[in-house]
Amino acid sequence: MQPSSFLKTVHLFMPLHASFIQLLKELEPADWDQPTLAKEWRVKDIVAHLLDTTIRGIAVLRDKHFGDNGPSQPDYLSLVQYINQLNANFIETAKRFSPALLIEFLELTGPVHAQLLSDLDPFEKAVFSVAWAGENESYNWFHVAREYTEKYHHQLQIREAVGKTEALMTAEFYAPFMQTFFLGLPYLLKNHPAPSEAVVALEVAGSNGAICYLQYKNGQWQILQDWGLNNLYARTVLPADIAWKLFTKGISPKVILPMVTLEGNQALATQMLNLIAVVA
């Protein structure tokens, strides 16, 4: 993989942070208790989670402090259970934090975390791999891009809950977010072969969307820089306002099928709807 996602996301952390702080300061007291697409988490819980991951990021990158040894087993399920427990622990603690205090903590820590990510060498080994892309080791450029998608989609969940998504549903913020998610497609399709050199496409439609082409070659799927819409073996098209919810487990593939176009090989076209680019 090439570091295109790093180069397209690292400069977005501070604008994304500024947008987030402005949003939080505009929330009414009742907004903090609104339900969200993050299942049992309400708005205040997601804000607390973003503070938690920001603080953890600073502790690891700046202070080399991990807190514990991580999951007890190296398998993916153990990782999911470990992360879910970490998240739940902090959110329970944060129930004692006022909204004003959460905002103050985020104003203090957000720029620090952004700078630490910006200072990373993109080609050095990342402290954490990107598990949803099937990687046991990742470069920093991918780690940074993954961190961007985390901050972006959680802020979007909050905005969805309070009816203020417009500020983030732009090509500047959305396209690199989705392009990072696309990097999980070769892993998603690894057990779904096709004729040699067949090309498939996943298209997120709209002015702020993106498209990914993959080719099956030498027994594996590889992302192509460009291709076009001719001679595709399979093609999946879905709206931008649906794609981000689908790929972060906010909605299920069955729910959005009437809004999706599946062309060519139906098995491959349908499989691309199962992309999950979060650890949960």
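The following paragraphs describe a pair of packed helices and then a sheet with its neighbouring helices in a predicted model.

Two packed helices are described by the angle between their axes and the distance between the axes. Helix α3, residues 43-63, packs with helix α6, residues 140-162, at an angle of about 165 degrees, and their axes are 10 Å apart. Because angles over 145 degrees count as roughly antiparallel, α3 is described as roughly antiparallel to α6. The crossing of these helices is left-handed. On the α3 side, the residues in contact include Val 43, Ile 46 and Leu 50, while those of α6 include Lys 151, Ile 158 and Val 162. By class, this contact has 7 nonpolar, 5 polar and 2 charged residues.

Attention now turns to the sheet. Five strands form an open sheet in the order β3-β2-β1-β4-β5, with mixed pairing. Strands β3 and β5 stand at the edges with a single partner strand each, so one side of each has no neighbour in the sheet. From one strand to the next, the twist averages 15 degrees.

Both senses of pairing can be followed strand by strand. Strands β2 (residues 210-217) and β3 (residues 220-224) run antiparallel and are joined by 5 bridges. Lys 217 has Gln 220 in β3 as its bridge partner. The hairpin of β2 and β3 has 2 residues between the strands, and Asn 218 takes a positive phi near 55 degrees there. By contrast, β1 (residues 199-205) and β4 (residues 234-239) pair in the parallel sense over 6 bridges, and Glu 203 stands opposite Val 237 in β4.

Helices also lie across the strands. Helix α7, residues 171-182, lies across β1, β2 and β3 and runs at about 20 degrees to β2. Helix α9, residues 240-247, lies across β1 and β4, at about 105 degrees to β4.

Key. Residues numbered from 1 in each chain as written. Predicted model: local features only at pLDDT ≥ 70, side-chain atom pairs only at ≥ 80, totals over all residues. Heavy atoms only, no water. Axes fitted to C-alpha atoms, helices over the stretch in contact; angles between N-to-C directions. Helix = DSSP H or I, 4+ residues; strand = E, 2+ residues; numbered from the N terminus. Parallel < 35°, antiparallel > 145°, perpendicular 65-115°, else oblique. Left-handed = near helix turned anticlockwise from the far one by under 90°. Contact = heavy atoms within 4.5 Å. Nonpolar A, V, L, I, M, F, W, Y, C, P; charged D, E, K, R; others polar. Pairing = 2+ DSSP bridges.
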